[in-house]
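Please describe the surroundings of the two ligands in this model, with the cut-offs behind each term.

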Amino acid sequence: MTRYFPKEIEEKWQKEWQEQGIYKFDLEKGSKGKYYNLVELPYPSGDLHLGHWFAFVPADAHARYKRMSGYRVFFPNGFDAFGLPAENAAIKRGIHPKDWTMKNIETMTGQFATMGTMIDWDYSAITCLPEYYTWNQWIFLKMFEKGIAYRGKALSNWCPVDQTVLANEHIEGGRCWRCGSEVVQKEVEQWFLKITDYADELIWSQPPQAQWPRQVREGQNNWIGRSEGMLLNFEIVEKARKDNKNKEYIQVFTTRPDTTDGATFLVVAPEHKFVAKILAKEISEYVRKAQRKTEMERKEDRVKSGVFTGKYVINPVTGKEIPVWVSDYVLAGYGTGAIMAVPYADERDREFAEKFKLPIIKTSFKAKPKGEKKINYHLRDWSISRQRYWGTPVPIVHCRRCGLVPVPFKDLPVELPYNVDYTPKGKPPLATDEEWLKVKCPRCGTEGAKRDAETLDTFFDSAWYFYRYVSPHFGDLPFDKSKVSELMPVDVYFGGSEHTLGHTLYARFFTKFFKNLGLVKFDEFAKKRVQHGVILGPDGNRMSKSRGNVVNPDDVVREYGADTVRLYLCFMMPYEATSPWSSGAISGIYRFLKRVWDLGEKIEKVDLTVSDLTMMHKTIKKVGDDLNTFQFNTAVAALMTWLNYLSVKKVSKEEYETYLRLLAPFAPHIAEELYHSKVLSANSVHLENWPQYQDKYLVEEMLQIVVQVNGKLRDTIGIQNSEVKNQNYVQDRAVNSERVAKYLNGQNIRKVIYVEGKLINFVV
Ligand code: ANZ
Ligand code: ZN
C-alpha cells in the first residue's frame, strides 16, 4: 500500500480539477435553485494569511456541500485592490502602488490555489483596474445627479500621518485604524454621500427580512440611532429689553419633554453660535481646548468640564430663569447642539450639576411644553474623499464659471495617471500632476478648469463588488441586470465582525440606492450573514509580526498538506469563536487523515448490521445538518466518531464510499484520490450527490448504565438518550431491576450517587 503523501496528491488534483473545469459555474446544472456563496473580498497585502484561510475554507466546505446537495453554487472571488497600505508600502520601498498590488494579487492567487477551493475565478473583480473603477465613477455620478453625493465642509477626523480624513468607524480608541497615530479634528472640505437620506430604510425591521446575526442588526440600528423627540425654545433673558419684540431663543433637542419642569440649566456645545456671540476670554480658551478632542473622547469623558456664559434663559414650563453653560459633553453636530439639563433625570446632567453646584430639582414627568416634533439620527453622512493617490479619481471638474461639473458618462473612466509623485505633501498627490489636472470644462469649454484631485474611499469600491462578480466584463452598466436578478441576493455572506458598522452598512445603502435607480428589485443584498471568529497565535495573543507569533499557512501546508489545514480550521473551534492555534491539535488531524488513508485496506464484502446502518445514517444526517448550519467543528467530530467505529470492523464498500463523500467538502484532495484509487470511480467525488439518510435508521440511541449497590456491580440497564438527565427516572428503573431489588431487599437507601449516563450507586 502507498503512503499518504499529501503534497503529491494535492498538486495533482488541483491541476486536474483546473483542466477538467469541474468548478466552472453553470446556472443550468443542478436540480435545485441557485446559491450565491460569498466571502468578503481580500485585500491584496501580498500574503495569504491564516485569517484568509479561516474565512475561506469553512465557506468552501459549505459551498461544496450545497453543490453536492444539488444547488447551482456560485462562488466567486476578487481583490479589494485600492487603498492606503499599497501607497504606504510603495512610499517605503519605492515600488509603484500598481506594480506592488498586481504582484501581490499574482502571489495570492497562487496561494489560493493551494487551498483547494471550488472558487470559479472566471467571475472576479480587481477594484484598482479601470474596468472596475469606471463603474465606481458611474455610480458616483448617478449619486451626484440625485443629490446623494455632495460637497460640504465638516469638522473631520484627520490623520496627520496618512494625511487623510477618517470616518468615525475607522478610529479605534482615538487612533487611526491603519497607522495607529492620534487623530485630530480639522475643518475640511470634502465629498460626502448622504447615507442619512436612507437612515430609516437602513434600520432593520422587526422581524428582520433577512437572516443576519442579532448583534449585527442591533449594532447597525444603534449606530443609525433613530431618536424621536422635540425641539423646545428657551427665551434668552435680556435685561435691557422692555418690549416683546426681538426676542431671541436657544433651541434644544430633547427626547424627554416631560422632564422640562426639572430643567435647571441649559448647556450649549462649545461650537454653538450662541457662544461665538458672547465670547469672553475664559470661554474662548475653553472652546479651543474642546476642539482638540475627538467626538468619541467627548462622549466618553468621565470628568465633566465647562464654563458659565453669564447668560440666562427662561424655562418655558416653570417660567424660571436658568443659567446657560458651555460644555463639550454636548456635541455640536447632534440635534441643535444645545440641551436642557435635567440633573434629576439624566445621569450626565447630574454629574455636571454636582460638579458645578447647580440645582437639582424633582421633575413631575408631566410637563407638556409647546414645541415641534423632531426625529434625529446619530448616523452621519459618509465622508468619501481621500486626499491620497491610490484610489478611484472623483469624476468631477471644477470650473470657475460653472462650479462643479460632472465628467460626461461617455468620457469615463477618468483614468488614474501612473506617473505621479504620491509622497505626502499636504495636498492630494493628483493635484501635483498639472498635465492630468488641467482640462477644458466639459460644460462651457473654458480652458483652465481643474479635475477633482481626490480619490474615493475604498469602502466605496467594496460596497457593490458582489454585483460586479456576476457579470465582470459587462460594459453597459455596473452589472448585467438580468444576471443579477438570476443570482442575487447573495445567499450567504461570510466575513468578519469588524465590518458591522462600516462595510456591510455601506453595502446595504448602495443596494437601496440601486433599487431607487431601478437596477435591482430587492431590499437587501444578502439573505444571510455569517461571521467568523479570530485565530490567535499559539501564545493566546493576537497574531502579529512584532510578537513573532504568526503562523504562516504556507509552512503548515508544506508540512502536513492543505487537507490537514482545512480540516483543522473547521475542527479547531466553533466558526464564530476566538481561540489560539495549536500545533499539537494539527498533528492529531494529520494522524486522522492517515487513518482515513489506510481505511481502504479494510474494504470487504460484508453485510451491514443494524448498528452499522444506524451509525452511517446518523453520520450522514449530522454532517449534512452541521454543514448547512455552519457548525463545522461538530461535523468533523462526527466524521471522527464514525472512523473510530469503522476502524474496529470490516468496512463495506457502501460505508467507504459514503465516508469519502462526507469527507469531500472538508478534505477535497484526499477524498478525491481515494475515490478514484479505492472506490475505482471514474467520476470526481465532487460531482457526486450528497448521500441520503433514511429516517428508519435514526432510532434513538440507548445508553448502558451501570447499577451498583454499595459499590458492587449488580446490573446494567439500557436508558434512552433523552432520559439520562432525569435522575428520578433512572433511579426508578434501577430499583425495579430484579437483580438489583434482590440486593436492596427492602433496606433503607441512605444515599444515591448518580454519574449522569454512566453509573448509579445505592448506599444501604
Ligand atoms: C432632557 C433629558 C432628560 C434628556 C432625560 C434625556 C434624559 P438621543 O436618544 O441620543 O437622541 N442631547 C440632545 N442633544 C445633544 C447633544 N448635541 N449632545 C449631547 N447630548 C444631547 O438623546 C437625546 C437626549 O440627549 C436629549 O434629551 C438631550 O437630553 C441629550 F431624563 O433632554 B435630553
Ligand atoms: Zn465651465
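## Ligand sites

Sorted by class, the shell around ligand 1 holds nine nonpolar, five polar and three charged residues, where Ala, Val, Leu, Ile, Met, Phe, Trp, Tyr, Cys and Pro count as nonpolar, Asp, Glu, Lys and Arg as charged, and the others, Gly among them, as polar. The model is predicted, with local features needing pLDDT of at least 70 and side-chain atom pairs counting only at pLDDT 80 or more, whereas totals for chains, interfaces and linings use all residues. Residues are numbered from 1 along each chain as its sequence is written, chains are lettered from A and ligands numbered from 1 in the order in which they are written, and side-chain values use heavy atoms, with hydrogens and water left out.

Of the 17 residues around ligand 1, those that come nearest are S227, T254, L331, Y334 and H378, a residue being near if one of its heavy atoms lies within 4 Å.

| Protein atom | Ligand 1 atom | Distance |
|---|---|---|
| L331, backbone N or O | nitrogen | 2.8 Å |
| Y334, polar side-chain atom | oxygen | 2.6 Å |
| R348, polar side-chain atom | oxygen | 3.4 Å |

Taken alone, ligand 1 exposes 640 Å², of which the protein buries 86%, with areas from the Shrake-Rupley method and a 1.4 Å probe.

Notes
A polar contact is a pair of N or O atoms within 3.5 Å; within protein, one must be able to donate a hydrogen and the other to accept it, and residues adjacent in sequence count only if both atoms are side-chain atoms.
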